[in-house]
Amino acid sequence: MSVTSESRRSWQCCIACGDRLGELDPRPRCDCGGLLDVIHAAPPSTGSELRQLLDARRTDFQAPASSGVWRFRDLVLPSAGLEVLSHPEGNTPLLERESISHWAKVARLVLKHEGHNPTGSFKDRGMTVGITQARRIDPRAVACASTGNTAASLAAYAAQAAIPCLVLVPQGQIAGGKLAQALAYGATTLLVRDGFDRCLALIDQAAAELGVYLLNSINPFRIEGQKTIVFELLQQLAWSPPDWLVVPAGNLGNTAAFGKALEEAIAWGLIERRPRIASVQAEGAAPFAQSFRDGFATRHEVVPDTIASAIRIGNPASYDRAVRAIRDTDGVVTTVSDEEILEAKAVIDVAGIGCEPASAASVAGVRRLVRDGVIGFDQRVVAVLTGHILKDPELLLAYHQTSEPVPPKANRPIEIDGDLGQLARVLQRLET
Ligand code: F0G
């Protein structure tokens, strides 16, 4: 049977009360306050037919199949047609370096590098779907709260779609490059004199009362796009699933998206065995890890404190969805210190790969879980690097240039006069 999109139906469903909303309903959440899921009728095909179709599209260089999100459109937004707005995005590499596996103390660690997306993070995967959905709804403006990456991504996609765009960022707590992107792409940028959690609460209220379309990962169409990180990596592994998927966790959109992707990949016959998810939080911003430790009996909220700006979040919005993802995949939630994050980042950077601090939490998390006996040395592990090395450059420069005591992997620059003799002496020292 052929796989066709046109005849397939999708709708939104509240994960708390089960109420159904239409596919084009713009409400950010159910009237009961619950988060929404997008549900698709199962594809009319076997798993192997679906795999064949998806594999055939890998050599299609025409949009939208050339996008690493829209190649999977049957599993993401089957009803989308001409309104698809793509950069394109996705098609990010799987990378392996012996030095990183060695540091993390596993035989083989594979890295899925989402920093290779057009605006420098995985957010572009969710945003292409979110903005496509916005075009079908035609709101007065799109909006988000952000610690940086979401703002840059939404600003870029809204610019491409010519939809007015509002981004709310915590004043003084956003990386310079990300603020620069939001401004350059033309977003109306509000510097809120408060933290990320307040920015999100404010924009959530604006979505309910002012008719703007919310494009944080509360929005279930963002989650649909982010599922393709998992579909794409499974495809790159020839549909042979790893034992573990390890991901940094802040607002919990990715943890939620990974759980949903794996559930659907099993239900639709793409894979037969479900990898376990490991979500990694920074010790100073770990409300989800706290809940995991008490069997998710209590939802915690903390005042977040970590150098990793992207996961500096104290009240994660996708909590309920993420609990489901961890339960369904027999997953775990762990924490790592800022020192471990910085050391992991230095190891990733010096291998010639590079990532932002929050992303390095996944690799630091692998090492922690191996040490704790949760991940076995011989297990196949994929860790996701969520963002680009040029995020938080102030932190990077301080680590290498000025931090005292000198951190273990610091690469101090050397000041010289414009003099060949001095340069020659540096070269000599390199060889000894
Ligand atoms: N990694 C990066 C690079 C991020 O930008 C974010 C979130 C996360 C991890 C956390 O992912 O929320 O799915 O658990 N950044 C948001 C932002 C908050 O505004 O850009 P999550």
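The model is predicted, so local features need pLDDT of at least 70, side-chain atom pairs count only at pLDDT 80 or more, and totals for chains, interfaces and linings use all residues. Residues are numbered from 1 along each chain as its sequence is written, and side-chain values use heavy atoms, with hydrogens and water left out.

**Exercise 1.** Find out which residues lie closest to the centre of the largest cavity.

*Solution.* 
Step 1: Start with the term. A cavity is a set of points, on a 1 Å grid over the protein atoms alone, where a 1.4 Å probe fits but cannot get out; lining residues have an atom within 4 Å of a point.
Step 2: The structure holds 3 cavities of 30 Å³ or more, where a volume is the space filled by probe spheres set on the points, joined across faces, edges and corners.
Step 3: For the largest cavity, the volume is about 340 Å³. It has 26 lining residues, and the closest to its centre are Phe122, Lys123, Asn251, Ala310 and Ile313.
Step 4: Helix 10 gives the largest share of this lining, 3 residues. Helices here are DSSP runs (H or I, at least four residues), numbered from the N terminus.

**Exercise 2.** Work out how Phe72 and Phe231 are paired.

*Solution.* 
Step 1: Recall the rule. Rings of Phe, Tyr and Trp (its six-membered ring) pair if their centres lie within 6.5 Å; planes under 30 degrees apart are stacked, over 60 edge-to-face, and the rest tilted.
Step 2: This rule gives 5 aromatic pairs. In one of them, the ring centres of Phe72 and Phe231 are 5.9 Å apart and the planes are at 40°, so the pair is tilted.
Step 3: Now place the partners: Phe72 is in the loop between helix 1 (47-56) and helix 2 (73-76), while Phe231 is in helix 9 (residues 228-236), 159 residues apart.
Step 4: Both Phe72 and Phe231 are buried, meaning under 20% relative accessible area with a 1.4 Å probe, protein chains only.

**Exercise 3.** Say which arginines sit over the rings of Trp11 and Trp103.

*Solution.* 
Step 1: A charge sits over a ring if NZ of Lys or CZ of Arg is within 6 Å of the ring centre and within 35 degrees of the ring normal.
Step 2: Over Trp11 you find the charged end of Arg20, 4.0 Å from the ring centre.
Step 3: Over the face of Trp103 lies Arg367, at 4.0 Å from the ring centre.

Technical notes
1 Å grid on protein atoms, 1.4 Å probe; cavity = no way out; pocket = protein on both sides within 12 Å on 5 of 7 lines; lining within 4 Å. Helix = DSSP H or I, 4+ residues; strand = E, 2+ residues; numbered from the N terminus. Buried < 20%, exposed > 50% of the residue type's maximum accessible area, 1.4 Å probe, protein only.
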